[in-house]
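Reader: I am new to this structure and would be grateful for a guided discussion of it. May we begin once it is in view?

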Amino acid sequence: MQNTKKKRITICLFIDAFGWEILKKNSFLDDVLKVKAPLETVFGYSSTCDPTILTGKLPREHGHFSFFYYNPPESPFRSCRLLAPLPSAITSRGRVRRVMSRLLQKFYGYTGYFQIYNMPFKHLHLFDYSEKKDLYMPGGINGGQPTVFDFLRKAGVPFAVSDWRKNEKHNIETLTQQLDEGKIEFAYLYLAEMDGILHAQGTNAKAVSDKIAWYDAQVRQLLAKAGEKYEEVRLHIFSDHGMADVRDTCPLMSLLDESKTGLKFGRDYTAVFDSTMARFWFHHEGVREKVIEAISGEKKGRILSDEELAEWGCDFEGKKYGELFFLMNPGVLLCPGFMGERPIAGMHGYAPTDANSTAMYASNVVLEKQPRRLTDLFCMMRSEAGV
Ligand SMILES: [Zn+2]
């Protein structure tokens, strides 16, 4: 019988927040993977890391960092100001905010990941949103760089990429079908549910090892299916960052209370209180010094120097994402903040040099040039796809 198998397929499997420290503690495809290694991440959240994976560029180059940045003239949230007088019993409800996010997204035709989180309605009109476009579609990167998918499209390589809006089961089933058809030569499988489990339960929860065991079984099935149709199946697994267990919280916002500092939010300064960092923009002379005075006594975090931000590739043009960054120590959650009011068990977005921030890379093949940093994945994927 004639051999109708295709020559080879490369499967790239992205698992959100499956960090090196978590991989080390759990058994995962031990007999399949020839390489398991730490992968240096970039400073930021998935909104920073994912564009780096897809383009090989540092944050300052691709222009993605956190979702919100100061830009009142072009804020898509001007209408939200009208909702500010509503009682917080209504505006703080997750459901209300999810509906609002959906309405705004539809109104502006945004195709990216769009969420207003816990951003206060009275301040939203000061901010613009950084991920308006779908990163996985052509033209999705703010800096205009092509992604690995653009290279695949241009070269005419048949490939599959998961829909990040769909759940893991759907994405795995879809890929299984595509492997069965045997037409694709490259696949990017997007799995994001572990991130949610780690945020909710921390890195030592049974749900985490259960999830890893589930991934193990799913990948084995995918490999078996691929093996029916392809002579060679090359598997590369990686994450964007790790996860730190939250052991403390820091109510940084309260240090900036107008009654203590005399500074008014929006008039004197504007800030975003992300889960692990506060970012400030100053509107008058002397405000910077007063803010520094107000927060520098807080020992659960520190002000990042411009040199450090530059070293991490986060020296953005025009200081777009903030003129001053205050970063929490690993394991300290800035809470309450604009991302959430209540503490959670796990968080990421601390110093990229912290062990728990480190991402991972694993493969069933040993490449001559192993990816060591998140920025290396782009070249690895292109080389594997031959584009
Ligand atoms: Zn996360």
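Author: Domain bounds, as used here, come from an automatic or database domain assignment. The model under discussion is predicted.

Reader: Which residues make up domain 1 in the domain assignment?

Author: The assignment gives three domains, with domain 2 at 58–137 and domain 3 at 247–343. Domain 1 is written as several segments, namely 6–56 + 145–244 + 353–385.

Reader: Which helix gives the largest share of the side of domain 1 that touches domain 2?

Author: The centres of domain 1 and domain 2, taken over C-alpha atoms, are separated by 29 Å. Contact between them involves 15 residues of domain 1 and eleven residues of domain 2. On the domain 1 side, the largest share is seven residues, and these come from helix H2 (residues 46–55).

Reader: How many residues of each class does that side of domain 1 have?

Author: Sorted by class, the side of domain 1 that touches domain 2 includes one charged residue. The others are seven nonpolar and seven polar residues.

Reader: How far apart are the end C-alpha atoms of helix H10?

Author: Helix H10 (residues 206–229) has 24 residues, and at 1.5 Å a residue it should span 34 Å.

Reader: What covers the buried residues of H10?

Author: The buried residues of H10 are Val208, Lys211, Ile212, Tyr215, Val219, Leu222 and Ala226. An α-helix has 3.6 residues a turn, so residues three or four places apart point the same way. The cover over the buried residues of H10 includes helices H1 (20–25), H8 (168–181) and H9 (193–201), together with strands S1 (6–15) and S7 (230–238).

Reader: Which residues have the most contacts inside the largest nonpolar core?

Author: In soluble globular proteins, nonpolar side chains tend to be buried together. Here the largest nonpolar core has 106 residues. Leu189 touches Ile11, Leu13, Phe14, Ser162, Asn171 and Leu175, leaving aside residues up to four places away in sequence. Those with the most contacts inside the core are Ile11, Leu13, Phe14, Ala187, Leu189, Leu334 and Met360.

Reader: How many residues of strand S16 are buried?

Author: Ala359, Tyr361 and Ser363 point one way from S16, while Met360 and Ala362 point the other way. Strand S16 (residues 359–363) is largely enclosed by the rest of the structure, because the number buried is five of the five.

Reader: Which residue of S16 is the bridge partner of His236?

Author: Strand S2 (residues 35–39) runs antiparallel to S16 and is joined to it by five bridges, with Leu39 partnered by Ala359. S7 also pairs with S16 in the antiparallel sense, over three bridges. In S16, the partner of His236 is Ser363.

Note on methods:
Residues are numbered from 1 along each chain as its sequence is written. This is a predicted model: local features need pLDDT of at least 70, side-chain atom pairs count only at pLDDT 80 or more; totals for chains, interfaces and linings use all residues. Two residues are in contact if their C-beta atoms, placed from the backbone, lie within 7 Å. Helices (H or I, at least four residues) and strands (E, at least two) are DSSP runs, numbered from the N terminus. Ala, Val, Leu, Ile, Met, Phe, Trp, Tyr, Cys and Pro count as nonpolar, Asp, Glu, Lys and Arg as charged, and the others, Gly among them, as polar. The expected span of a helix is 1.5 Å times one less than its number of residues. A residue is buried if 20 or more other C-beta atoms lie within 10 Å of its own, exposed if 12 or fewer, and partly exposed in between; C-beta atoms are placed from the backbone. A nonpolar core is a set of buried Ala, Val, Leu, Ile, Met, Phe, Trp, Tyr and Cys residues joined through C-beta atoms within 7 Å. Two strands pair if DSSP finds at least two bridges between them.
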